[in-house]
Amino acid sequence: MLSIDNLRAWGANVSEGLARCMNNEAFYFRMIKLALADETTYVRLRAALESKDLDTAFECAHALKGVLGNLSLTPLLKPVAEMTELLRARADADYAPLMAKIDEKLAELKALAAE
């Protein structure tokens, strides 16, 4: 179950996220659930990376970075932000380890939301 304590224990900067949501816990949790429900951007990111379409991959990573940053979901934000900067530079890099970290942190957050 999403709770302030669970999110803090996971590593989210709940104080920042709540502040951006007018300190309304119900709204904050609703925004997190909406962010989790949008699988499309993650799917598009993965497909773009697999096809080496760095422009689309950057757009997806940048969009995720904005959402995750606004909600201060730090453990998931960190690998997405790192990927975003590599993609911004159009770096010829192996993105698989970052995508694996994103998948791991996304699964953890989904597990918190499902409890």
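Helices (H or I, at least four residues) and strands (E, at least two) are DSSP runs, numbered from the N terminus. With that in hand, welcome to this protein, a predicted model in which local features need pLDDT of at least 70 and side-chain atom pairs count only at pLDDT 80 or more, while totals for chains, interfaces and linings use all residues. Residues are numbered from 1 along each chain as its sequence is written, and side-chain values use heavy atoms, with hydrogens and water left out.

**Confidence**

- The predictor's confidence in each residue is called pLDDT and runs from 0 to 100; its average for the protein is 96, and 99% of the residues score at least 70.
- Confidence is lowest in helix α3 (residues 25-37), with a mean of 95, and highest in helix α6 (residues 74-88), at 98.

**A closer look at helix α6**

- With 15 residues, α6 reaches 20 Å from its first C-alpha to its last, close to the 21 Å expected at 1.5 Å a residue; the expected span is 1.5 Å times one less than the number of residues.
- Buried means under 20% relative accessible area, exposed over 50%, and partly exposed in between (1.4 Å probe, protein chains only).
- The buried residues of α6 are Pro75, Leu76, Leu77, Pro79, Val80, Met83, Thr84 and Leu87, and they pack against α1 (4-10), α4 (40-50), α5 (54-71) and α7 (96-114).
- Thr84, in helix α6, has a relative accessible area of 0%.
- Leaving aside neighbours within four places in sequence, Thr84 is in contact (heavy atoms within 4.5 Å) with Phe58, Ala61, His62 and Lys65.
- After α6 comes Arg90, whose phi is positive, near 55°.
- Ala91 lies in the loop between α6 and α7. Ala91 and Leu54 are 37 residues apart in sequence, yet 8.7 Å apart in space, C-alpha to C-alpha.

**The nonpolar core**

- A nonpolar core is a set of buried Ala, Val, Leu, Ile, Met, Phe, Trp, Tyr and Cys residues joined through side-chain atoms within 4.5 Å.
- The largest one has 36 residues, of which Leu7, Tyr28, Leu45, Leu73, Met83, Leu87 and Leu109 touch the most other members.
- Each of α1, α2 (14-20), α3, α4, α5, α6 and α7 supplies at least two residues of this core, and α5 gives the most, with seven residues.
- Not counting residues up to four places away in sequence, Leu73 touches Leu7, Trp10, Ala12, Tyr28, Ile32, Leu68 and Leu109.

**Cysteines**

- The structure holds zero disulfides, a disulfide being a pair of cysteine sulfur atoms within 2.5 Å.
- Cys21 is buried at a relative accessible area of 4%, and Cys60 is buried at 1% relative accessibility.

**Salt bridges**

- A salt bridge is a side-chain nitrogen of Lys or Arg within 4 Å of a carboxyl oxygen of Asp or Glu; by this rule the count comes to nine.
- Lys110 and Glu39 form one of them (2.1 Å, N to O). Lys110 lies in helix α7 and Glu39 in the loop between α3 and α4, so this pair ties together parts that are 71 residues apart in sequence.
- Arg46 and Asp103 form another (2.6 Å, N to O). Arg46 belongs to helix α4 and Asp103 to helix α7, so the pair links parts that are 57 residues apart in sequence.
- Arg88 and Glu85 meet at 3.0 Å, N to O, and both lie in helix α6, three residues apart, about one turn of the helix.
- Salt bridges that share partners join Lys101, Glu104, Lys105 and Glu108 into one network.
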